[in-house]
Amino acid sequence: MDSIEQMRMFSAVAGTMSFSKAAARLGTSAQNVSKNIRALEDSLGVLLLNRTTRVVTLTESGRAYLPRCNRVVEEFDELRSVMRDEGAAPSGNLVVTAPVLFGEMYLMAAVEKYLAANPAVSIDLRLSDQHLSLIDEGVDLSVRIGVLQDSTLIAKRLGETRLITCAAPSYLDQAGRPAHPDELPAHSCVFDTNRRTPGQWSFCDGGKSLTVNIRPRVRVNSASAVRRLLLSGEGIGIVPSFVVADDLRSGRLEALLEPFEDRSLPVSLLYLANRHLSRKVRSFIGFIEAEIAAMEDWNAV
């Protein structure tokens, strides 16, 4: 028997601490499992398991070998799956998550086109402004806006968005146009509570970071709701540029404090750092990259 299958048997025994349970999981006999693990130990020149009539435990060498063994078996299974899929059309269920408004405004159109081109794929699209764990939630791909914190994920950059301080001309004609961020506490402000710093807005002044404490008149956990309140003249807010691009071009909203804008935020497509991605994941990544790139005015202001 080849080493991969022997390693698979060792992993099963280590996971159950039982030859009979491991054999049942693998569809073979406990005697066959024991024989192959003994052959694996002989080839490695170390004892991996302590065996008694009542209990099976890992040796120190077994504990050190197990995580590496599991990774090799997992990589082998993924590679075999990829090679079997290589000539086939993408198929299966794909779980994708994205921020609510970006998903509704831009991702949905791309998803519709992808589904039409790939009839054997189904998509579970989860729109949420909270970051869903790719591992814990079983997510294949995630669109995120902002600086990435998790270095265990691979990121494909789709573009970037600016954070625009803006308000309706009707509000500004009445309350005045602030010339510096320090003037904002005197204004009526609409705050998006999805931001990480409640009650604070960040700017850049002469290359230095500037934080302004504000007293919002309205707090709401939706960039779309912030936009609506701004359009109705409720005050000044900070909104991603892709949300208000049309409003700024039409003059329904007016950009403020542009010399003090903080850095742009990347829009990224994230996935787990596996070496061998399934065909459905690879095809979706390439498709979405091309579709978003084709939307030349999705973030133009």
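**Inside the fold**

I started with the largest nonpolar core and found 38 residues in it, with L141, V239, F284 and I288 having the most contacts inside it. I'm working from a predicted model, by the way.

Next I checked which elements build this core. At least two residues each come from strand 3 (92–98), helix 5 (100–117), strand 5 (141–145), strand 7 (163–167), helix 7 (223–231), helix 8 (241–250), strand 14 (265–272) and helix 9 (279–294). Helix 5 gives the largest share of this core, seven residues.

Leaving out residues up to four places away in sequence, I288 touches L107, A110, L158 and L269. Apart from this core I found another, with 21 residues, including A12, V13, F19 and L49.

**The largest pocket**

How much space lies in the largest pocket? I got about 1100 Å³. I then listed the residues that line the largest pocket: there are 40, and I145, N194, R195, R196 and L265 are the closest to its centre.

Which elements give two or more residues to this lining? I wrote down strand 3, helix 5, strand 5, strand 7, strand 9 (200–205), strand 10 (208–213) and strand 12 (236–240). Strand 5 supplies the largest share of the lining, four residues.

Last, I sorted the lining of the largest pocket by residue type, and ended up with 17 nonpolar, 14 polar and nine charged residues.

Definitions and conventions: Residues are numbered from 1 along each chain as its sequence is written. This is a predicted model: local features need pLDDT of at least 70, side-chain atom pairs count only at pLDDT 80 or more; totals for chains, interfaces and linings use all residues. Side-chain values use heavy atoms; hydrogens and water are left out. A nonpolar core is a set of buried Ala, Val, Leu, Ile, Met, Phe, Trp, Tyr and Cys residues joined through side-chain atoms within 4.5 Å. Buried means under 20% relative accessible area, exposed over 50%, partly exposed in between (1.4 Å probe, protein chains only). Contact means heavy atoms within 4.5 Å. On a 1 Å grid over the protein atoms alone, a cavity is a set of points where a 1.4 Å probe fits but cannot get out, and a pocket is an open set with protein on both sides within 12 Å along at least five of seven lines; lining residues have an atom within 4 Å of a point. Grid points are joined across faces, edges and corners, and a volume is the space filled by probe spheres set on the points. Ala, Val, Leu, Ile, Met, Phe, Trp, Tyr, Cys and Pro count as nonpolar, Asp, Glu, Lys and Arg as charged, and the others, Gly among them, as polar.
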